[in-house]
Amino acid sequence: MAGENYIKARNHAFLKEHIVTDTSYGLSRGVYDGYDDTWDLTKFKKQFHIEIIRHNKREMEFDMIGADPAIANCFRRIILSEVPSMAIEKVLLYNNTSIIQDEVLAHRLGLIPLKADPRLFEYRQEGDAAGTEQDTLEFDLKLKCSWNPKRLLESSDPDEMYINHKVYSSHIKWIPMGTQRDMYRSCDVGPVHDDILLAKLRPGHELDMKLHAVKGIGRDHAKFSPVGTAFYRLLPKIEIRQPIEGEMAERFQKCFSPGVIKLVNIKGKSVAVVNDARYDSCSRNVLRYEDLAETVTLGRVKDHFIFTIESIGALPPADIFIESAKVLIGKCRKFLGEINKGIK
């Protein structure tokens with residue numbers, strides 16, 4: 001039994017009422033007696049694998065199994081801050097008579113997610129104010145608010161009283177530079193969402209500006225991050241140590257997230273069983289009850305990461321992960337090159 005508990009402690013972190021135990025992760029010989037956890041490429045290739053759970057144009061959830069926490073966190077950080085995307089960087093204002101200050105409006109424009117594949121563009125050179133077709137997308141935003149001649153005199157609804165009184169992201173129009181029209185379709189370039197409200201105008205207010213979108217990374221500014229978020233969590237582990245029946249089973253089920261525990265009928269009795277521990281929030285509510293706390297062991301699998309990527313729309317989440325792997329490969333090659341220089 002002691003040996004079995006030892007193996008469990010090596011593979012799982014355990015959730016107690018107020019603390020989490022056995023959180024260390026073995027990366028070298030001797031961390032767990034009898035096991036050599038020194039990192040080895042052959043062993044890593046055998047153990048590591050990825051399983052895609054769900055995937056669409058905007059979101060992907062997959063399991064990264066057999067990886068070290070540092071590797072999972074490395075991908076997360078690269079996705080957030082080092083995978084490039086396109087965002088509005090320069091705003092050339094010719095006229096702004098709205099009540100929104102120039103710099104506030106420029107900031108709002110910079111945060112609009114854009115449909116543009118950053119892999120097709122180069123980074124703009126520092127000091128280049130105009131940009132080229134290889135590194136810049138140009139947009140136009142021109143709108144003027146006026147009275148609606150067909151308005152009812154007694155109306156107080158702005159939608160009936162004014163024309164063009166709301167400035168949306170749909171008013172941003174792409175202006176192809178050079179041969180861009182031959183390379184990209186107009187439907188593939190522009191704001192991801194057409195209904196982002198940028199400003200409100202009143203009769204006489206006018207906006208007239210040119211926008212330059214360039215390639216950048218989230219480490220320089222959050223607007224260049226290709227994701228809304230990227231995060232991971234460890235796979236929950238729920239082990240029922242003894243049968244839980246009747247009223248206790250119903251109370252036990254309510255202590256977990258929906259769908260985690262189900263009740264089955266065994267010999268006329270309602271018995272609690274683990275249905276899907278994956279989506280448990282690990283709230284540990286069950287440990288509040290003394291009678292239930294003795295029936296269950298809660299934990300998390302140390303090398304099983306549930307990874308979620310939420311794209312803002314410029315790139316599919318699968319492509320974002322692949323690009324993060326390319327960035328990591330580049331970092332490794334650079335680091336190995338520096339090591340080889342030092343050795344020579």
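**Close-up 1. A salt bridge between Glu323 and Arg119 in the predicted model.** In this predicted model, the side chains of Glu323 and Arg119 meet in a salt bridge, with a distance of 3.8 Å from N to O. Glu323 lies in helix α9 and Arg119 in the loop between β6 (114-115) and β7, so the pair ties together parts of the chain that are 204 residues apart in sequence. Glu323 counts as buried, at 13% relative accessibility, whereas Arg119 is partly exposed, with a relative accessible area of 40%. The side chain of Glu323 also meets that of Lys326 in a salt bridge of 3.3 Å, again taken from N to O. Here both residues, Glu323 and Lys326, belong to helix α9 and are 3 residues apart, about one turn of the helix.

**Close-up 2. The salt bridge of Lys269 with Glu245.** The side chains of Lys269 and Glu245 meet in a salt bridge, for which the N to O distance is 3.7 Å. The pair links distant parts of the chain, with Lys269 in strand β17 and Glu245 in the loop between β15 (227-240) and α7 (246-254), 24 residues apart. Lys269 is partly exposed, with a relative accessible area of 45%, and Glu245 counts as partly exposed at 35% relative accessibility.

**Close-up 3. A network of salt bridges that includes Arg278.** Arg54, Glu59, Glu61, Asp63 and Arg278 are linked to one another in a network of salt bridges. A search of the whole structure finds 17 salt bridges.

Close-up 4. Strand β14, which spans residues 206-216, is mostly covered, since 9 of its 11 residues are buried. Strand β5 (residues 85-96) pairs with β14 in the antiparallel sense over 10 bridges, and within this pairing Lys90 has His212 of β14 as its bridge partner. Strand β7 (residues 137-144) also runs antiparallel to β14, to which it is joined by 8 bridges, and the bridge partner of Asp140 in β14 is Lys210.

Close-up 5. Asp140 is found in strand β7 and counts as buried, at 15% relative accessibility. Besides the bridge that pairs Asp140 with Lys210 of β14, a polar contact of 3.4 Å joins the side chains of these two residues, Asp140 and Lys210. When its neighbours within four places in sequence are left aside, Asp140 is in contact with His171, Ile172, Lys173, Ile175, Met209 and Lys210.

Close-up 6. Ser311 has its place in strand β18, which covers residues 296-311, and is buried, with a relative accessible area of 9%. A polar atom of the Ser311 side chain lies 2.5 Å from the backbone oxygen of Leu315. Not counting residues up to four places away in sequence, Ser311 touches Lys57, Arg58, Pro226, Val227, Gly228, Pro317 and Ile320.

**Close-up 7. A nonpolar surface patch that includes Ile339.** Phe335, Leu336, Ile339 and Ile343 form a nonpolar patch on the surface, and together these residues have about 440 Å² of accessible area. Ile339 is partly exposed, with a relative accessible area of 36%.

Close-up 8. Most residues other than glycine have a negative phi. The phi of Lys267, however, is near 55 degrees, a positive value in a residue other than glycine. Lys267 sits in the loop between β16 (261-266) and β17 (269-274), and counts as exposed at 83% relative accessibility. Arg284 likewise has a positive phi, of about 65 degrees, although it is not a glycine. Arg284 lies in the loop between β17 and α8 (290-293), where Arg284 is partly exposed, with a relative accessible area of 26%.

Key: Residues are numbered from 1 along each chain as its sequence is written. This is a predicted model: local features need pLDDT of at least 70, side-chain atom pairs count only at pLDDT 80 or more; totals for chains, interfaces and linings use all residues. Side-chain values use heavy atoms; hydrogens and water are left out. Buried means under 20% relative accessible area, exposed over 50%, partly exposed in between (1.4 Å probe, protein chains only). Helices (H or I, at least four residues) and strands (E, at least two) are DSSP runs, numbered from the N terminus. Two strands pair if DSSP finds at least two bridges between them. Patches are made of residues with over 30% relative accessible area and no salt bridge: like charges are joined within 9 Å, nonpolar side chains (Val, Leu, Ile, Met, Phe, Trp, Tyr) within 5 Å. Accessible areas come from the Shrake-Rupley method with a 1.4 Å probe; for residues, only the protein chains shown count as cover. A salt bridge is a side-chain nitrogen of Lys or Arg within 4 Å of a carboxyl oxygen of Asp or Glu. A polar contact is a pair of N or O atoms within 3.5 Å; within protein, one must be able to donate a hydrogen and the other to accept it, and residues adjacent in sequence count only if both atoms are side-chain atoms. Contact means heavy atoms within 4.5 Å.
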